[in-house]
Amino acid sequence: MRVPHPIPYQGSKRTLARSIVACFPAGVERVIEPFAGSAAVSLAAAQCSAAQHFVLNDANAPLMQLWHEIVERPQDLARRYEQMWLEQQGRERDYYEAVRADFNQDHAAHDLLYLLARCVKAAVRYNTSGAFNQSPDHRRKGTHPHRMAQQILAASRLLKDRVTLTALDYRELLPQATPRDLVYLDPPYQGVCGQRDPRYIQGVTFDAFVQILHDLNNREISYIVSYDGRTGGKSFGRPLPECLHLIQLEIDAGRSSQATLLGRASRTVESLYLSPALCRQIDLEHIIINHGFAGPTGTLANIRG
Ligand SMILES: C[S@@+](CC[C@H](N)C(=O)[O-])C[C@H]1O[C@@H](n2cnc3c(N)ncnc32)[C@H](O)[C@@H]1O
């Protein structure tokens, strides 16, 4: 069965979600996603019953309001989306601009869903005053309402009565984590951390993030971090310090769209970092061999040795 994915979202871990869930230990009580976005990993984990409960959090409050509508009022949201999608026909450009202006006034969840379905690269962008300013993609009319309704209803069925939704800074969320939870952290990409990032309402600084990982280690929390990666020979992201004792795995994330545009065949490889407490609970060698991971050179030898 396909995992539902109701929110189109740049940076979604949709294609890697099953591999990430393969690293979960047995008997996870809660998955905590402090940087939930489209929550691709929690949805995949719910689909294969890899956890009982889910805590989804994102600093983007309208996005979390959209999650609330998806889970609690899926029929209403699907109807609203269909109505908007039909109303736009023949005047897509003006309609998008009107919805964007409305959204910047009252932050309604259905407006955000429509904007994400129609905007360039499904990418949120905000100006310095916090207004959503992403342009429409004139080649896309947005997900067909029939398909959108299927995605919304399926996501609601998976998460209803099993999810807690919050819109906090990630640091406020993590004190509640316990050793029976699995924390999945997918912070905004490095290179933009620490500066104002037009993609997000809030950001993450490297030092604060590393401090949080140290704290999670001290509390024996199992966590997985999606952090950096490489395309062809080019790596991006400042390395996480060795004193965190994380195990780095790499997954092939497919052909990079930039490389495809340039006519090159480079593939993007994304890193996952597994915490010491997690590695003590799982058979890492089995996971690497059976779930298509490449350890950076020497990973298997390090685990065995
Ligand atoms: C790379 S995206 C996560 C994508 C997600 N894994 C998915 O599958 O869609 C990073 C998310 O972190 C959120 N974010 C940025 N700064 C944050 C902060 N300080 N606290 C919590 N969330 C934050 C952004 O709004 C964004 O949705």
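**Helix packing, loops and a ligand shell**

The axes of helix H3 (residues 61–72) and helix H6 (residues 109–118) come within 8 Å and cross at roughly 105°, and therefore H3 is roughly perpendicular to H6, a term used for angles of 65 to 115 degrees, while angles under 35 count as roughly parallel, over 145 as roughly antiparallel and the rest as oblique. The model is a predicted one, in which local features need pLDDT of at least 70 and side-chain atom pairs count only at pLDDT 80 or more, whereas totals for chains, interfaces and linings use all residues. Residues are numbered from 1 along each chain as its sequence is written. The helices (H or I, at least four residues) and strands (E, at least two) are DSSP runs numbered from the N terminus, and the axes are lines fitted to C-alpha atoms, for helices over the stretch in contact, with angles running from 0 to 180 degrees between N-to-C directions.

From H3, the residues Pro62, Leu63, Gln65, Leu66 and Glu69 take part in the contact, and from H6, Ala109, Leu112 and Leu113; two residues are in contact if their C-beta atoms, placed from the backbone, lie within 7 Å. This contact of H3 with H6 consists of six nonpolar residues, one polar and one charged, where Ala, Val, Leu, Ile, Met, Phe, Trp, Tyr, Cys and Pro count as nonpolar, Asp, Glu, Lys and Arg as charged, and the others, Gly among them, as polar.

A second pair of helices can be read in the same way. The axes of helix H4 (residues 74–87) and H7 come within 9 Å and cross at roughly 165°, so H4 and H7 are roughly antiparallel to each other. On the H4 side, Pro74, Leu77, Ala78, Tyr81, Glu82 and Trp85 meet Pro145, Met148, Ala149, Ile152, Leu153 and Ser156 of H7, and by class the contact of H4 with H7 has 10 nonpolar residues, one polar and one charged.

Helix H7 also holds Ala155, which is buried, with 26 other C-beta atoms within 10 Å; a residue is buried if 20 or more other C-beta atoms lie within 10 Å of its own, exposed if 12 or fewer, and partly exposed in between, with C-beta atoms placed from the backbone. Leaving aside residues up to four places away in sequence, Ala155 touches Pro4, Pro6, Leu43 and Ile70. The C-alpha atoms of Ala155 and Trp67 are separated by 9.6 Å, although these residues are 88 residues apart along the chain.

Most residues other than glycine have a negative phi. His107, in the loop between helix H5 (92–106) and H6, has a positive phi near 55°, and His107 is partly exposed, with 15 other C-beta atoms within 10 Å. Asp161, in the loop between helix H7 (145–159) and strand E3 (163–166), has a positive phi of about 65°, and Asp161 is exposed, with 6 other C-beta atoms within 10 Å.

Around the ligand there are 20 residues, the closest being Phe35, Gly37, Ser38, Ala40 and Asp186, and a residue is near a molecule if its C-beta atom, placed from the backbone, lies within 6 Å of it. By class, this shell has nine nonpolar, seven polar and four charged residues.

Taken as a whole, the protein has 13 helices and nine strands, and buried residues make up 38% of its 305 residues.
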